[in-house]
Amino acid sequence: MCIMASILTNAMKRLNISLLPQIRAVPSNTLTNDSSSLLITKKDWKFPPTYTKPREVWIENIDTIEEKKVGLFELHPQVYADMPRIDIIHQNVTWQKKYRWVSWAHTKTRAEVRGGGRKPWPQKGLGRARHGSIRSPLWRGGGIAHGPRSGKTHFFMLPFHLRIYGLTSTLSSKLAQDDLHVVKNLELPTDEPEYLNELIEKRNWGPSVLIVDDTDFAPRNLTVAADAIQHVNIMPVYGLNVYSMLKHDTLILTVAAAEKIEERILHHLHSDTQQQEAKFRLDQV
């Protein structure tokens with residue numbers, strides 16, 4: 001067997017046949033449709049990964065219904081391959097729900113309800129309990145003691161590091177579940193909603209999709225098509241949050257958006273921002 005294996009190996013070398021696929025590295029932001037080799041977009045990170053390897057995802061197209069692999073894109077493992085913390089994700093969702101919640105429940109006190117101006121009966125002499133008003137909380141139709149008062153806010157600030165780890169945990173969960181896709185750009189050939197619906201159905205991106213770009217100026221065809229579909233939303237990078245990512249089943253990032261997310265999260269993960277946060281810190285009792 002060893003002799004046969006060595007003969008086969010020498011024959012393949014003479015014919016220039018390799019058992020491994022030809023992988024060629026190209027500089028960042030360089031894409032090609034050359035089918036003879038599989039191209040990987042290499043990036044020079046300011047904070048390169050130390051113990052884990054970068055994650056690679058396909059760069060897809062959306063200008064045709066049929067899926068085409070434009071290239072491979074590297075994702076930083078500290079942002080897209082972190083260990084998901086369900087407790088931190090839950091804290092972020094609770095924080096986002098509560099900081100915009102204002103309770104308008106309102107009850108009236110004994111001073112605000114109608115009636116009860118005079119003393120119902122004399123203080124002494126009748127053998128009855130002492131009362132000063134029929135609108136006391138002890139009486140039916142009286143005021144409410146310690147009831148809710150309108151305009152009560154439930155706002156609080158989640159610590160900064162928990163907000164950062166909430167983003168990395170959610171992005172990592174989406175990537176691990178194959179619910180995160182990277183596209184080259186957001187240019188659609190038409191503004192018909194039927195095209196976008198068919199694209200989502202063919203790619204298995206449904207039922208709800210969140211599209212994220214690096215700017216808040218999306219192409220017209222995409223905005224017109226998505227405006228007629230309730231379960232498709234467009235968001236810029238600076239608005240990306242845990243609640244919106246969990247609310248949608250699929251997360252679509254452009255190449256520029258994925259790079260900007262990496263850049264901003266890595267900056268905060270490797271920087272000391274205590275002095276900058278001091279002036280925004282609230283006295284929470």
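The legends below describe close-up views of a predicted model.

Residues are numbered from 1 along each chain as its sequence is written. Because the model is predicted, local features need pLDDT of at least 70 and side-chain atom pairs count only at pLDDT 80 or more, while totals for chains, interfaces and linings use all residues, and side-chain values use heavy atoms, with hydrogens and water left out.

**View 1. Strand β3 and its two partners, β4 and β7.**
Helices (H or I, at least four residues) and strands (E, at least two) are DSSP runs, numbered from the N terminus. Two strands pair if DSSP finds at least two bridges between them. Strand β3 covers residues 55–60 and strand β4 covers residues 69–75; the two are antiparallel and share six bridges. In this pairing Val 57 faces Phe 73 of β4. Strand β3 also runs parallel to strand β7 (residues 180–183), to which two bridges join it. Here Ile 59 stands opposite Val 182 of β7.

**View 2. Strand β10 between covered faces.**
Buried means under 20% relative accessible area, exposed means over 50%, and partly exposed lies in between (1.4 Å probe, protein chains only). Strand β10 spans residues 250–254, and five of its five residues are buried. In a regular strand, side chains alternate between the two faces of the sheet. On one side of β10 are Thr 250, Ile 252 and Thr 254, and on the other are Leu 251 and Leu 253, all of them buried. Strand β7 pairs with β10 in the parallel sense over four bridges, with Val 182 opposite Leu 253. Strand β8 (residues 209–213) is likewise parallel to β10 and joined to it by four bridges. In that pairing Val 212 stands opposite Leu 253.

**View 3. Helix α8 and its buried face.**
The expected span of a helix is 1.5 Å times one less than its number of residues. Helix α8 (residues 255–269) has 15 residues and should span 21 Å, which agrees with the 21 Å between its end C-alpha atoms. Its buried residues are Val 255, Ala 257, Ala 258, Ile 261, Glu 262, Ile 265 and Leu 266. Viewed down the axis of α8, these residues fall within an arc of 165 degrees, so they line one face of the helix. The arc is that of the directions from the helix axis to the C-beta atoms.

**View 4. Helix α4, largely enclosed.**
Helix α4 has 17 residues and reaches 25 Å from its first C-alpha to its last, close to the 24 Å expected at 1.5 Å a residue. Twelve of the 17 residues are buried, so the rest of the structure largely encloses α4. Among the buried residues are Leu 162, Ile 164, Gly 166, Leu 167, Lys 174 and Leu 175. Just after α4, Asp 178 takes a positive phi of about 60 degrees.

**View 5. A buried salt bridge between Arg 203 and Glu 60.**
A salt bridge is a side-chain nitrogen of Lys or Arg within 4 Å of a carboxyl oxygen of Asp or Glu. By this rule the count comes to five salt bridges. In one of them, the side chains of Arg 203 and Glu 60 meet at 3.5 Å, N to O. This pair links distant parts of the chain, with Arg 203 in helix α5 (residues 193–203) and Glu 60 in strand β3, 143 residues apart. Both residues, Arg 203 and Glu 60, are buried.

**View 6. Two further salt bridges, Glu 112 with Arg 149 and Arg 220 with Asp 191.**
The closest N and O atoms of Glu 112 and Arg 149 are 3.0 Å apart. Both residues lie in the loop between β5 (102–103) and β6, so the pair ties together parts that are 37 residues apart in sequence. Glu 112 is partly exposed at 37% relative accessibility, and Arg 149 is partly exposed at 36%. The side chains of Arg 220 and Asp 191 meet at 3.2 Å, N to O. Arg 220 is in helix α6 (residues 220–227) and Asp 191 is in the loop between β7 and α5, 29 residues apart. Arg 220 counts as exposed at 54% relative accessibility, whereas Asp 191 counts as partly exposed at 23%.
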